[in-house]
Amino acid sequence: MTDLFAAIRDTQPPRENLGEGAVLLRDCVGTDEQALLADLRIIVKAAPFRHLVTPGGHTMSVAMTNCGRVGWVSDARGYRYDPVDPDSGKIWPSMPPSLRNLAARAASEGGYTDFAPDACLINRYKPGAKLSLHQDKDELDLGAPIVSVSLGLPATFLFGGLTRNAAQKRYRLTHGDVVVWGGPSRLAYHGVAPLPEGEHPVMGAQRINLTFRKTR
Ligand code: SIN
Ligand code: FE2
């Protein structure tokens, strides 16, 4: 299985432009992986995954948690960045250097130097989970990019334009891939198609996505 994933990866170009200011970097996690996964386990223990409810009353199929100064939350009142985890009443786990450094390195490879995220949303997709087309627009600082790290099962990432109706392209994201979007693409609509069944050799039957944001 590992060989199959490796063989697929080897046929892909190391970087692909998704649009102006947006790039897909293949296999970008590299040697940081062990530290990253160990730190993720600690974060998830302190702030377990939960299924948030949208302001419209819909329970999301993706389970979420956060680390960093603030975390992204949704409830009947709306979407917001909150320094407190509403489930525990405590502040979110801090963003460890393994995550922060990976985000900064990927941003820099994507053309954005000095990326200093203060929030990392951690998404967990089990087979069938999806994320509808949306814009990341709850951040006050739209000058900084979004850095999105994929781990585990492959997913189809939809990346469109600045309007909901603009055509979307589909990209297969695999373990270790990073997408960076900023500048003219910062408010591009994007989403994730329902995750197919599967078993990843490192992560099991799930996909984990980390999105790093600078919220202010
Ligand atoms: C997101 O849009 O927040 C997550 C995207 C992804 O899971 O690839
Ligand atoms: Fe998003």
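This is a predicted model: local features need pLDDT of at least 70, side-chain atom pairs count only at pLDDT 80 or more; totals for chains, interfaces and linings use all residues.
Helices here are DSSP runs of H or I with at least four residues, strands are runs of E with at least two, and both are numbered from the N terminus.

Residues are numbered from 1 along each chain as its sequence is written, chains are lettered from A and ligands numbered from 1 in the order in which they are written, and side-chain values use heavy atoms, with hydrogens and water left out.

Let us stay with Asp85 for a moment. Asp85 counts as buried because its relative accessibility is 2%; buried means under 20% relative accessible area, exposed means over 50%, and partly exposed is in between, with a 1.4 Å probe and protein chains only. The side chain of Asp85 reaches the backbone nitrogen of Asp87 at 2.8 Å. This is a polar contact, that is, a pair of N or O atoms within 3.5 Å; within protein, one must be able to donate a hydrogen and the other to accept it, and residues adjacent in sequence count only if both atoms are side-chain atoms.

Now turn to ligand 1. The space that ligand 1 takes is the largest pocket. A pocket is found on a 1 Å grid over the protein atoms alone, as an open set of points with protein on both sides within 12 Å along at least five of seven lines, whereas a cavity is a set of points where a 1.4 Å probe fits but cannot get out; lining residues have an atom within 4 Å of a point. A molecule sits in one of these if more than half of its atoms lie within 2 Å of its grid points.

Which elements give two or more residues to the shell around ligand 1? They are β6 (119-125), β7 (131-134), β12 (190-192) and β13 (207-213). Of these, β13 gives the most, with four residues. The residues around the ligand, each with a heavy atom within 4 Å of it, include Asn123, Tyr125, Leu131, His134, Ser148 and Phe157.

An oxygen atom of ligand 1 lies 2.8 Å from an N or O atom in the side chain of Arg207, and a polar side-chain atom of His190 is 3.0 Å from an oxygen atom of the ligand. For Asn209, the distance from a side-chain N or O atom to a ligand oxygen is 3.3 Å. Taken alone, ligand 1 exposes 260 Å², and the protein buries 99% of that; such areas come from the Shrake-Rupley method with a 1.4 Å probe, and for residues only the protein chains shown count as cover.

Another aspartate is worth a visit. Asp177 is found in the loop between β10 (169-173) and β11 (178-181). Is Asp177 buried or exposed? Asp177 is buried, because its relative accessible area is 0%. Its side chain makes a polar contact of 2.7 Å with the side chain of Arg26, and a polar atom of the Asp177 side chain lies 3.0 Å from the backbone nitrogen of Asp27.

That leads us to Asp27 itself, in the loop between β2 (22-25) and α2 (33-46). Asp27 is partly exposed, because its relative accessibility is 41%. Most residues other than glycine have a negative phi. Asp27, however, has a positive phi of about 55 degrees although it is not a glycine. Asp114, in the loop between α3 and β6, also has a positive phi, of about 60 degrees. Asp114 counts as exposed, because its relative accessible area is 75%.

Finally, look at strand β2, where Leu24 has its place. Leu24 is buried, with a relative accessible area of 0%. The C-alpha atoms of Leu24 and Trp181 are 157 residues apart along the chain and separated by 8.7 Å.
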